[in-house]
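Hello,

Here is the structure I promised to pass on to you. Have a look at it first, and then read on for what turned up in it.

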Amino acid sequence: MSLFMGCHGIPLGCAHTKNMKKVTLEIPDRDERGVSPVIGVILMVAITVILAAVIASFVLGFGGSVNETVQAGADVSENGDGTATVTWISEGTASELEVSVEGVGGNVTLGQVGDSATIQYNSGTYDDDKIDDDNTITANDDGDGNEPGEVTLQVTVTGIGSEDTRTVITQEEVTLENQNNWPW
């Protein structure tokens, strides 16, 4: 071999040697290296433990301690005769509904879909507000400033679900006419 020849018999300085790349075995800088395998394993174990804890909490019932809202459908409507009616129209998740009127002590409980309660106004009586066995709530004069013979009342319908959870289904104001036929 000649002194001017490369190791493969190619003359030094010819076109073939210009395209050859220099190969080095240097260690890359710290910024260019990936995550070490130990850190990767630790991260994977941590993610697995967190997922296992979340799944276990739902399977063992810890997630079940959150209260659910009660859902049901109720209709509050004013009737042409000066009264109002509350009707349970959709069961949802409620086991019963409670109908209450602001200023009247107590409430009416509706036990199934289709049940209804009547709300009426009797002015000029000296009886206390009352709730009858036939699901009728009677409100007496409350001095609300309305013209004689009518009153505006707030009706609240509350759904009762499992474990006695309660959610207000609707709350509406109704204007009722005097059902006591006294002349004004």
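Let's begin in the loop between β8 and β9, where you will find D164. Please keep in mind that this is a predicted model. D164 is not a glycine, yet its phi is positive, at about 60 degrees.

E163 sits in the loop between β8 (150-160) and β9 (166-177). Its phi is positive too, near 55 degrees, and E163 is a residue other than glycine. Is E163 buried or exposed? Its relative accessible area is 78%, and exposed means over 50%, so E163 is exposed.

Now move to another loop, the one between β3 (96-101) and β4 (108-110), which holds G103. G103 has a relative accessibility of 65%, so it counts as exposed as well. Its C-alpha atom is 8.0 Å from that of A139, although G103 and A139 are 36 residues apart along the chain.

Next, the inside. In soluble globular proteins, nonpolar side chains tend to be buried together. Here the largest nonpolar core has 24 residues, and V99, I119, L153 and L176 have the most contacts inside it. Several elements give two or more residues to this core, including β1 (73-78), β2 (84-90), β5 (116-122) and β7 (136-140). Which element gives the most? That is β8, with four residues.

Beyond its neighbours within four places in sequence, L176 is in contact with I119 and L153, among others. Its other contacts include G82, T83, A84, Y121 and V151.

Enjoy exploring!

Key:
Residues numbered from 1 in each chain as written. Predicted model: local features only at pLDDT ≥ 70, side-chain atom pairs only at ≥ 80, totals over all residues. Heavy atoms only, no water. Buried < 20%, exposed > 50% of the residue type's maximum accessible area, 1.4 Å probe, protein only. Core = buried A, V, L, I, M, F, W, Y, C linked by side-chain atoms within 4.5 Å. Contact = heavy atoms within 4.5 Å.
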